[in-house]
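Me: I would like to see how the terms for a protein fold are applied. Please show me one, and I will ask about the labels.

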Amino acid sequence: MNVKELIRDIIIVVVIVAAVTFFIKPIIVKQTSMLPTLQENNYVFLNRQAYRFGQPKRGDIVVFPTDDGYGNEELYIKRVIGLPGETIDVANGKVYVDGEVQDDSYTNDGTTPGDIHGFRVPEGELFVMGDNRVVSIDSRDPEVGTVPIEDITGVAFFRLFPFNEIGKVGGF
């Protein structure tokens with residue numbers, strides 16, 4: 001192998017690594033708010049460019065930064081429940097979007113605590129909740145609130161670990 005081929009190979013590897021890191025970000029789940037869908041220590045890949053080339057969908061599992069109250073950034077992982085302009089209600093353990101009851105069979109307890117009436121999701125923002133609704137700190141909490149779409153770090157699309165659960169995540 002001559003020097004030109006070696007340099008060419010190095011450039012190709014650098015370009016591939018740069019492209020992958022531009023589009024994909026690995027994370028380790030550190031919370032229980034997404035049980036049973038995601039467990040602590042699941043290794044998940046995020047699509048970092050999902051909303052640059054597409055629109056949010058109900059059911060997307062998104063990651064976004066929050067302040068932990070001590071000036072440190074913490075990443076939250078939650079499911080998109082309400083899209084911009086939709087009206088959210090939570091009553092009697094059920095979630096309603098624009099007056100339609102949502103299927104919560106994928107949640108940990110099958111119920112959603114809280115009391116929200118006629119909350120309209122602002123333009124450019126998302127209403128998010130964890131699948132483990134009893135313990136999840138999410139858009140129901142004023143400290144989290146709705147999440148600006150521009151603040152989304154990425155959309156979870158693939159679980160690599162644990163190996164017995166490898167495969168696609170997100171959506172319904």
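Reply: The secondary structure comes to 2 helices and 12 strands. This is a predicted model, where local features need pLDDT of at least 70, side-chain atom pairs count only at pLDDT 80 or more, and totals for chains, interfaces and linings use all residues. Residues are numbered from 1 along each chain as its sequence is written, and side-chain values use heavy atoms, with hydrogens and water left out.

Me: What makes a run of residues a helix or a strand?

Reply: Both are DSSP runs, numbered from the N terminus: helices are H or I with at least four residues, strands are E with at least two. Along the sequence, the pattern reads α-β-β-α-β-β-β-β-β-β-β-β-β-β.

Me: Why is T66 called buried?

Reply: T66 lies in strand β3. Buried means under 20% relative accessible area, exposed means over 50%, and partly exposed is in between (1.4 Å probe, protein chains only). T66 has 16% relative accessibility, so T66 counts as buried. In β3, 5 of the 7 residues are buried, so the strand is mostly covered. Of the 172 residues of the protein, 40% count as buried.

Me: And why is V20 called partly exposed?

Reply: V20 lies in helix α1. Its relative accessibility is 42%, so V20 counts as partly exposed.

Me: Which residues does T66 touch, leaving out those up to four places away in sequence?

Reply: They are N72, E73, E74 and Y76. Contact means heavy atoms within 4.5 Å.

Me: How do you know that β3 and β4 pair?

Reply: Two strands pair if DSSP finds at least two bridges between them. Here 7 bridges join β3 to β4, and the two run antiparallel.

Me: What joins β3 to β11?

Reply: They pair in the antiparallel sense over 2 bridges. The cut-off is at least two bridges, so this counts as a pair. V62 has V155 in β11 as its bridge partner.

Me: Why are β7 and β8 called edge strands?

Reply: The open sheet of 4 strands has the order β7-β6-β5-β8, with antiparallel pairing. The edge strands, β7 (100-101) and β8 (116-120), each pair on one side only. β6 (residues 94-97) and β7 are joined by 2 bridges, and Y96 stands opposite V101 in β7.

Me: What makes a set of residues a nonpolar core?

Reply: The members are buried Ala, Val, Leu, Ile, Met, Phe, Trp, Tyr and Cys residues, joined through side-chain atoms within 4.5 Å. The largest such core has 14 residues, and among those with the most contacts inside it are Y51, V62 and F64. Elements giving two or more residues to this core include α2 (50-53) and β9 (125-129). A second, separate core of 11 residues includes V29, L46, I77 and A156.

Me: What makes the nonpolar surface patch a patch?

Reply: Patch residues have over 30% relative accessible area and no salt bridge; like charges are joined within 9 Å, nonpolar side chains (Val, Leu, Ile, Met, Phe, Trp, Tyr) within 5 Å. A salt bridge is a side-chain nitrogen of Lys or Arg within 4 Å of a carboxyl oxygen of Asp or Glu. This patch is about 740 Å² and includes V20, F53 and F157. V20, at 42%, is over the 30% cut-off. Helix α1 (residues 3-23) gives the largest share, 5 residues.

Conventions:
Accessible areas come from the Shrake-Rupley method with a 1.4 Å probe; for residues, only the protein chains shown count as cover.
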